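I keep these notes while reading through a structure that is new to me. Each entry records what I looked up and what I found.

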Amino acid sequence: MTLNAVFASSPGRLASKPGPTSYLASLSNVATGSLDNTVRIWDTTTCTLIETLHGHTASVYSVAFMKDGNGLVSGSLDKTMRYWDVSQLVSGGLLTSSCNCKDYVLSVGATSSNHWVVSGSKDRTVMLWDTRSGQALCYLQGHKNSG
């Protein structure tokens, strides 16, 4: 089931936008990554769009809120992982960091301490990033193709 199937369709609401490729909910918001290269943040109470974040140049495959709700990480087929400050959702999320990866970023996640972000790429690597410095601290490789 996609997010579009959950909410009723009407102009300006969730179902009227391009289908999400990934989504993650915070306490009162849902973030979606989309094939149109954007990240959108929705109000779960009213089912309306709060912000559209621009910056990726290819489809956004994964999004994750930081545990404190003030940050959002997105991963894209443009081979970048981006960190957004969404604490002030008034004039758009502020892109505070962008990390280049070797291949498509297909998954992202955040630790409960907010100090680490993990990304998984199409090249079967996992990278651990320090959110304070923006630097990759650990590069894990070992996954194999199935089959």
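Entry 1, contacts along the chain. I looked up how far apart in sequence the contacting residues lie. Among contacts between residues at least 6 apart in sequence, 31% join residues at least 24 apart. I note that the model is a predicted one.

I looked up the secondary structure and found 1 helix and 12 strands. Reading along the sequence, I get the pattern α-β-β-β-β-β-β-β-β-β-β-β-β. I then checked burial: 39% of the 147 residues count as buried. The accessible surface of the chain is about 7,800 Å², and carbon and sulfur atoms hold 52% of that surface.

I asked where T38 lies. I found T38 in the loop between β2, residues 29–34, and β3, residues 39–43. Is T38 buried or exposed? Its relative accessibility is 5%, and buried means under 20%, so T38 counts as buried. Next I looked at the side chain of T38, which makes a polar contact of 3.2 Å with the side chain of R40. I also listed what T38 touches, leaving aside its neighbours within four places in sequence. The contacts of T38 on that list are T32, G33, T52, L53, H54 and V60.

Strand β6 covers residues 71–76 and pairs with β7 in the antiparallel sense, over 5 bridges. I looked up the partner of G71 and found D85 in β7. The two strands β6 and β7 form a hairpin, with 3 residues between them. In the turn of this hairpin, K79 has a positive phi of about 70°.

I moved on to V86, which sits in the loop between β7, residues 80–85, and β8, residues 94–100. I checked burial here too: V86 has a relative accessibility of 5%, under the 20% cut-off, and therefore counts as buried. Which residues does V86 contact, leaving aside its neighbours within four places in sequence? I wrote down I41, L53, F65, G69, N70, G71 and L72. For G69 I also looked up the spacing: V86 and G69 are 17 residues apart in sequence, and their C-alpha atoms are 7.8 Å apart in space.

I compared my two contact lists. L53 is among the contacts of T38, and L53 is also among the contacts of V86. G71, the bridge partner of D85, is one of the residues in contact with V86.

Note on methods. Residues numbered from 1 in each chain as written. Predicted model: local features only at pLDDT ≥ 70, side-chain atom pairs only at ≥ 80, totals over all residues. Heavy atoms only, no water. Helix = DSSP H or I, 4+ residues; strand = E, 2+ residues; numbered from the N terminus. Buried < 20%, exposed > 50% of the residue type's maximum accessible area, 1.4 Å probe, protein only. Polar contact = N/O pair within 3.5 Å; in protein donor to acceptor, adjacent residues only side chain to side chain. Contact = heavy atoms within 4.5 Å. Pairing = 2+ DSSP bridges. Areas by Shrake-Rupley, 256 points an atom, 1.4 Å probe, with all protein chains shown as cover.
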